Amino acid sequence: MTDYIWANPHGQIHFTLKNDKGEEETWGVETASPGNMLANGWTKKTFKPGDELLVSFVPAKGNRNWGTCTQFVFVADGRRVGGNGMCGFGPDAFDANALPVKPGYTAVGVQMPKDTRPESEIDRGQGAK
């Protein structure tokens, strides 16, 4: 985790990961508003730069390094924070609570879903499936 922004209308968390080519990428995710986060037990100090996290989220359209519907697992102790663990809708929904969690786990495989839209729609950022 590199940056934790506690601000309205939505918080943000930025982190660095290695893609399938071994290159580092910086990603960000949007969280709930600070008021809603407080109601769910989060504070300004829930995350700090350097925390190692397992992150599940729904990526944004258009090949942007951004996402939402997040759930976080602290590598050091397996503690989970975030949504209810269900992300997506219909047959594409998945249960983040079912992800394997092992304290001290440091290698994470990044698997992005294949974008099946026609190339013309991907270029325009339209027609999400």
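**Close-up views of a predicted model**

The backbone nitrogen of Thr43 sits 2.7 Å from a polar side-chain atom of Thr46. This and every other view below comes from a predicted model.

**View 1. Thr46 in the loop between H1 and S4.** Thr46 belongs to the loop that links H1 to strand S4 (53–59). The residue counts as buried because its relative accessible area, 13%, is under the 20% cut-off. Beyond its neighbours within four places in sequence, Thr46 is in contact with Tyr4, Gly41, Asp51 and Phe74.

View 2. Side chains of opposite charge can pair when their charged atoms come close. Lys48 is exposed, with a relative accessible area of 53%, whereas Asp51 is buried at 11%.

**View 3. The salt bridge of Arg79 and Asp77.** The closest N and O atoms of this pair are 3.9 Å apart. Arg79 is partly exposed at 38% relative accessibility, and Asp77 is also partly exposed, with a relative accessible area of 47%.

View 4. Pro9 lies in the loop between strand S1 (3–5) and strand S2 (12–18). Ser33 is found in another loop, between strand S3 (24–30) and helix H1 (34–39). Ser33 is counted as buried because its relative accessibility of 17% is under 20%.

**View 5. Strand S5 and its pairing partners S3, S4 and S6.** S3 pairs with S5 (residues 66–74) in the parallel sense over two bridges, and Gly28 has Trp66 as its bridge partner in S5. S4 and S5 are antiparallel, with six bridges between them; here Leu53 is the bridge partner of Phe74. S5 also runs antiparallel to strand S6 (residues 80–82), to which three bridges join it. In that pairing Phe72 has Val81 as its bridge partner in S6.

**View 6. Glycines in the two hairpins that involve S5.** The hairpin of S4 and S5 has six residues between its strands, and Gly62 there takes a positive phi near 75 degrees. The hairpin of S5 and S6 has five residues between its strands. In its turn, Gly78 has a positive phi of about 80 degrees.

**View 7. Phe47 and the largest nonpolar core.** This core has 15 residues, and those with the most contacts inside it are Tyr4, Ile13, Trp42, Phe47 and Phe72. S2, S3, S4 and S5 each supply at least two residues of the core. The largest share, three residues, comes from S2. Apart from neighbours within four places in sequence, Phe47 is in contact with Met1, Tyr4, Ile13, Trp42, Leu53, Phe72, Phe74 and Val81. Among these contacts of Phe47 are Leu53 and Phe74, which are bridge partners across S4 and S5. Phe72 and Val81, also in contact with Phe47, are bridge partners across S5 and S6.

Notes: Residues numbered from 1 in each chain as written. Predicted model: local features only at pLDDT ≥ 70, side-chain atom pairs only at ≥ 80, totals over all residues. Heavy atoms only, no water. Helix = DSSP H or I, 4+ residues; strand = E, 2+ residues; numbered from the N terminus. Buried < 20%, exposed > 50% of the residue type's maximum accessible area, 1.4 Å probe, protein only. Polar contact = N/O pair within 3.5 Å; in protein donor to acceptor, adjacent residues only side chain to side chain. Contact = heavy atoms within 4.5 Å. Pairing = 2+ DSSP bridges. Core = buried A, V, L, I, M, F, W, Y, C linked by side-chain atoms within 4.5 Å. Salt bridge = Lys/Arg side-chain N within 4 Å of Asp/Glu carboxyl O.
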